[in-house]
Amino acid sequence: MPAHPLLTTPFAPDATAAEIVRDVDLTGRRAVVTGGASGIGAETVRALAAAGAQVTIATRRPEGAEPLVREFAASTGGGTVRTEALDLADLSSVDAFVRAWRGPLDILVANAGIMALPTRTLSAEGWEMQLATNFLGHFALATGLYGPLREAGSARVVVVSSGAHLATPFDFDDPHFARRPYDPWAAYGQSKTADVLLAVGARRWAGDGITANAMAPGYILTNLQRHLSDETMRAFGVMDDEGNLTPLPYYKTPAQGAATSVLLAASPLLDGVTGRYFEDNQEAPTVPGGEDATGGVAAHATDPDSADRLWEYAADAVR
Ligand SMILES: NC(=O)c1ccc[n+]([C@@H]2O[C@H](COP(=O)([O-])OP(=O)(O)OC[C@H]3O[C@@H](n4cnc5c(N)ncnc54)[C@H](OP(=O)(O)O)[C@@H]3O)[C@@H](O)[C@H]2O)c1
């Protein structure tokens, strides 16, 4: 990470996405939010569209996004919401999405994700599924949409990472767990480190007016936990004996979890800022990382050489 003063904003950690865009006008701006039909993505879509943007929800399940589409069809605020099919774990689907895109793209929020698949699962391309979905699919999407992003003049890419990146550097020798034992959390953490490195690697686009930043949304109960066993959910303290879910006191709502995404996507405070990592609506300090790290961004996720190496690796993989 370059030595620079950390960017601060007036927004509290528990601010909602709506608060971030209260004074922001996105009329005429076009945005894509992957995984925008549920959880944090849906709240990101809602805030961007409420600020006037034309938002495309890129989703495997367009029918799941219908309530949001209807919500904005009835609104008079100027923002619109539409859906387009996208499966990030299938390059032919990413390619079809890119080919169908017409005109400039002002905002790309790489939000979709899956977490802690219990067994090693492979994508259509034979890649470990979390790396395929969370990183490689988004890399193919962002680089495929480079032309439309450049055309926008001052586009922003937001990469939704996670604090889970702190424990796991990217393993260039065996990214798909072909030779080392599969570990659900190591695979998730690695994919989220790759997400931060994607934003750092995209600093090469600064001359085209395209900025890219990564973020962690905090802890939010969403569909993301679908692959975790009841035993694990109980161990986390969020499930009682009857199977009821209750967030812990420091958990955020989806609308609070979406705030940092929306800050990076839309706030004028981020004009010209690129290659950085945010949490709780502030830029995060660089930390050594490791199993015990609880906040900040790990040095292994912001190293420019690793970012460039990963960019080359991914460009070759998705070619
Ligand atoms: N919740 C948290 O505590 C937390 C913490 C840190 C980071 N995050 C990150 O936040 C992001 C959003 O997660 P969330 O918590 O809002 O969970 P979520 O509600 O499960 O949202 C994830 C979205 O990703 C979509 N998705 C999954 N696989 C996909 C694929 N192959 N192609 C296209 N879309 C796909 C899902 O669509 P389907 O409905 O079709 O599966 C879903 O809409 C993720 O990147 C996650 O890693 C979340």
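1. Helix α4 spans residues 91–100, and L91, V94 and F97 are buried in this helix. Buried here means 20 or more other C-beta atoms within 10 Å of the residue's own, exposed means 12 or fewer, and partly exposed is in between, with C-beta atoms placed from the backbone. The three cover an arc of only 120° around the axis, so they sit on the same side of α4; the arc is taken from the directions from the helix axis to the C-beta atoms. Helices (H or I, at least four residues) and strands (E, at least two) are DSSP runs numbered from the N terminus.

2. Keep in mind that this is a predicted model: local features need pLDDT of at least 70, side-chain atom pairs count only at pLDDT 80 or more, and totals for chains, interfaces and linings use all residues. Residue numbers start from 1 along each chain as its sequence is written.

3. What do the buried residues of α4 pack against? Their partners are β2 (54–59), β3 (80–85), α5 (129–144) and α12 (304–318), where a contact is two C-beta atoms, placed from the backbone, within 7 Å. On the other side of α4, S92, R99 and A100 are exposed.

4. Have a look at A116, in the loop between β4 (107–110) and α5. A116 is not a glycine, yet its phi is positive, about 55°. A116 is also buried, with 20 other C-beta atoms within 10 Å.

5. N281 is another one to check. Its phi is near 70°, again positive in a residue other than glycine. N281 lies in the loop between β7 (277–279) and β8 (282–283), and is buried, with 24 other C-beta atoms within 10 Å.
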